[in-house]
Amino acid sequence: MVFYESIYLNVIAIFAVTVIAVVTYCKWTYTFWKRFGIPFLEPSVPFGNALDFLVLKYSRGEVIAEHYKTAKAKGFKHVGLFSFTTPEYMPIDLQIIKSILVKDFNYFTDRGMYVNEEIDPLTGNVFMLSGDKWKKIRAKLSPTFTSGKMKMMFNIVVECSNKLKRAMDIECEQGPLNTKKIFAKFTTDVIGTCAFGLDCNSFDNPNNDFSKYSTRIFEPTTFEKFRGFIIIFFPWIIKFFNLKMIPVDVSDFYFKTVRNVVEYRKRNNVLRNDFLQVLIDLMKQESGLTIGEITAQAFVFFLAGYETSATVMTLCLFELALNSDIQEKLREEVNTVMERYDQVVTYDSLNDMVYMQQILDEVMRKYPPVPFLNRVCLADYKIPNTDIVLKKDTKVLISLLGLQNDPEYFPEPEKFDPERFSMKNKEKLNQFCYMPFGEGPRLCIGLRFAFLQIKIGLSVLLKNYRFSLNEKTELPLKLNPKTFTLSPLGSVWVDVEKI
Ligand code: HEM
């Protein structure tokens, strides 16, 4: 009995000492910002300022935007935050943001993400890479996204939009339309064919391998979610144990797919106007890319381009269904422009759809699919117009959701108003309060392609159908607390009338 009592007391004592040690360590760490003279928001032990995200009350993007709002209301130019005990610096002032993203980019070239090309070759992609390797790959990839290359891929995307129309014709007979689902199929088809040379046929065969493996990434198992959490907040654990980040079956699928297509094209002398062809050509150059490197790039084009573009289309249709006057005005523009081009969608016809551009700009203002930018400070950095030095290795977060819904820059931010982006108004806008594609040398490489696929898809929809919101859509729209990209919780359901 005495023996068990003593074990019991020992366990309590160890537990108490551990709690005291953790609390003391956190409290000491939480003096970090004070020591450097940077104002901070009160953290809670041991979660720092990340609690609402960790309990899945709000998405990480929303939590960061809320911190932006609080700091701005206090008149701060910048603010210190913590994720657990990791300090995170958030600039509020547009001059500081500009310096970090553009002027002093050399201090902030990296996102500080986990990359291990040896055991996880898909992590060697341009989004995750750091330093010289990123510079080399980015320079090689940039010619892939010129307007000339976009024109070359145009017909492939139009072909996918024809499939979208055929699917819409069937779906609209069957009750309200699940927009999130249909646009995910469209963008899977587009990126699948452009980046991997595959006809995914997502509308007729929703369970194709491509959709299956993309679902594995965007809807991870509980274990994979836990691993993702560790990677973000405690990357040193992953490094220490040399763990893989991307599931083996997913990695094998992408490698096998690219290898097969590359061999097929080589054997049959097939040349196709798509991203993969440009990547294959890069393999042939002197000190060109390896097959592992091109697979990692095709993988990230898919990852970065499929969900973001589908979300923009979903939220665009949501706003158009709510604002029938804006929808009618857009339809008028699409019809007028199409008439001018003999009812054929061309690259130039899309450029003439000025109001569509304004609408998309406004959708991405209200709902930036990537709600914050991240960087890491590579050397001690004197923050402009202050005597404060930001320590090497400090993480930096820039809240796009916060900036783009800040009433100082966008009065009545909750109002959907495409006029904010009319030619006249756009000129007055400071570019650093509106950057849905990021800014500086690390800005989104796929911007042109994103607009291309979204505009082609929307012009087909607006020309042929009228949309109104179905009562199955839950209002007010909530955001999914589990995703890092901004995405509606549940779907947006619309009633569709054929024109
Ligand atoms: C509406 C759609 C899209 C949005 C809103 C979007 C947004 C973004 C943002 C905010 C970044 C980070 C920029 C920064 O840190 O400054 C980014 C990076 C990136 N995006 Fe996109 N993106 C979209 C579509 C695409 C597409 C279609 C592709 C490829 C086909 C793509 C490929 C990439 C890549 C490779 C990067 C990393 C660039 C680098 O680090 O050098 N994105 N995107």
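Colleague: Which residues does UniProt list for "transmembrane region"?

Modeller: The unreviewed UniProt entry lists residues 6–26; such annotations may be inferred rather than shown by experiment. In this predicted model, local features need pLDDT of at least 70, side-chain atom pairs count only at pLDDT 80 or more, and totals for chains, interfaces and linings use all residues. Residues are numbered from 1 along each chain as its sequence is written, and side-chain values use heavy atoms, with hydrogens and water left out.

Colleague: What makes up the chain over residues 6–26, helix or strand?

Modeller: Residues 6–26 are 100% helix and 0% strand, with the end C-alpha atoms 30 Å apart. Helices (H or I, at least four residues) and strands (E, at least two) are DSSP runs, numbered from the N terminus.

Colleague: What makes Cys444 (SG) a donor of the iron atom of the ligand?

Modeller: Donors are N, O and S atoms within 2.8 Å of the metal (3.2 Å for Na, K and Ca). Cys444 (SG) is at 2.3 Å from the iron atom and is therefore a donor, the only one from the protein. Water is not among the atoms, so the site may look incomplete. Cys444 lies in the loop between α19 (423–428) and α20.
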